Amino acid sequence: MKYMVDHDYHLHSHLSLCSDDPRQTTARMLAYAAANGLRELCLTDHFWDEAIAVTFDFYARQNYAHIAQALPLPQSDGIRFFFGCETDMDQNGRLGLMDKTFDQFDFVIIPTTHLHMEGFTIAPEDRSLERRAQLYVSRLDALLDMDLPFQKIGIAHLTCPLIAPASWADHIELIRRIPSDTFHRLFARVAERGAGVELNLDASAYTPHELAEILRPYRIAMACGCRFYLGSDAHHPAGLDAAKDNFNRLINLLDLTEDRKFRFHK
């Protein structure tokens with residue numbers, strides 16, 4: 001059976017500082033779900049645990065008291081709205097979430113590829129594509145080495161342009177530099193850990209040649225038995241409006257079926 005578009009597990013409200021859009025409300029998200037036949041949503045505003053020291057201003061302001069202003073989440077018949085977060089790993093391998101804090105969230109998404117925050121997720125001397133490709137691998141390995149509740153963790157932004165933000169071509173070249181054998185090893189670990197793999201790339205932004213390279217990690221993840229969830233990463237209403245078409249495009253490109261769907265709840 002074809003993979004059904006029935007959820008969006010990566011959504012930002014105006015409480016995420018990179019949104020700060022008063023139109024991006026949880027009520028607007030619920031309306032988006034109803035209009036598109038979605039049965040599940042998860043709010044994943046950016047978060048850094050205040051118990052973990054951080055000097056990066058963006059995350060110093062994104063503590064629990066800040067993002068919990070979204071609670072209680074609006075609910076509707078036939079739609080479940082979950083409370084999650086998106087956190088990061090700094091350049092020293094520290095995750096922005098204490099073990100005990102996981103219980104406060106239904107779902108946690110963790111990108112290891114947010115390498116645009118120089119001085120926080122990446123050191124200034126690590127700017128080269130060669131070094132960034134090494135970090136892609138070592139940072140994901142470091143996450144998978146942690147003792148975490150992977151059944152409620154999604155690994156986001158696997159091919160995000162922010163891996164190498166200097167130019168559009170750079171992130172594609174970075175992915176090209178990672179051998180398929182390395183991706184097989186990484187995604188075998190993801191499957192064994194039971195984490196979800198996020199689908200949120202904008203397939204329409206790539207040429208056919210570029211898309212073949214960008215989809216390579218996802219095809220390898222499929223071969224390794226990974227399960228996938230959909231995440232629009234919408235920060236503004238326009239992102240909500242475009243989400244379902246992009247989800248369907250990705251499902252068709254990857255020929256995804258329902259048995260490949262990741263759920264973080266029973």
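Colleague: Are helices α4 and α6 roughly parallel or roughly antiparallel to each other?

Modeller: This is a predicted model, in which local features need pLDDT of at least 70, side-chain atom pairs count only at pLDDT 80 or more, and totals for chains, interfaces and linings use all residues. Residues are numbered from 1 along each chain as its sequence is written, and side-chain values use heavy atoms, with hydrogens and water left out. The axes of α4 (residues 129–145) and α6 (residues 180–193), lines fitted to C-alpha atoms over the stretch in contact, come within 10 Å and cross at roughly 20°. Angles under 35 degrees count as roughly parallel, and therefore α4 and α6 are roughly parallel.

Colleague: How do the residues of the contact of α4 with α6 divide into nonpolar, polar and charged?

Modeller: With contact meaning heavy atoms within 4.5 Å, α4 contributes Tyr136, Val137, Leu140, Asp141, Leu144 and Asp145, while α6 contributes Thr182, Phe183, Arg185, Leu186, Arg189, Val190 and Arg193. Ala, Val, Leu, Ile, Met, Phe, Trp, Tyr, Cys and Pro count as nonpolar, Asp, Glu, Lys and Arg as charged, and the others as polar. On that basis the division is 7 nonpolar, 1 polar and 5 charged.

Colleague: What radius of gyration does the chain have?

Modeller: The radius of gyration is taken over C-alpha atoms, and the globule rule is 2.2 Å times the number of residues to the power 0.38. For 266 residues a compact globule would have a value near 18 Å, which agrees with that of the chain, 17 Å.

Colleague: What percentage of the residues of the chain count as buried?

Modeller: Buried means under 20% relative accessible area, with a 1.4 Å probe and protein chains only. Of the 266 residues of the chain, the share that counts as buried is 57%.

Notes. Axes fitted to C-alpha atoms, helices over the stretch in contact; angles between N-to-C directions. Helix = DSSP H or I, 4+ residues; strand = E, 2+ residues; numbered from the N terminus. Parallel < 35°, antiparallel > 145°, perpendicular 65-115°, else oblique. Buried < 20%, exposed > 50% of the residue type's maximum accessible area, 1.4 Å probe, protein only.
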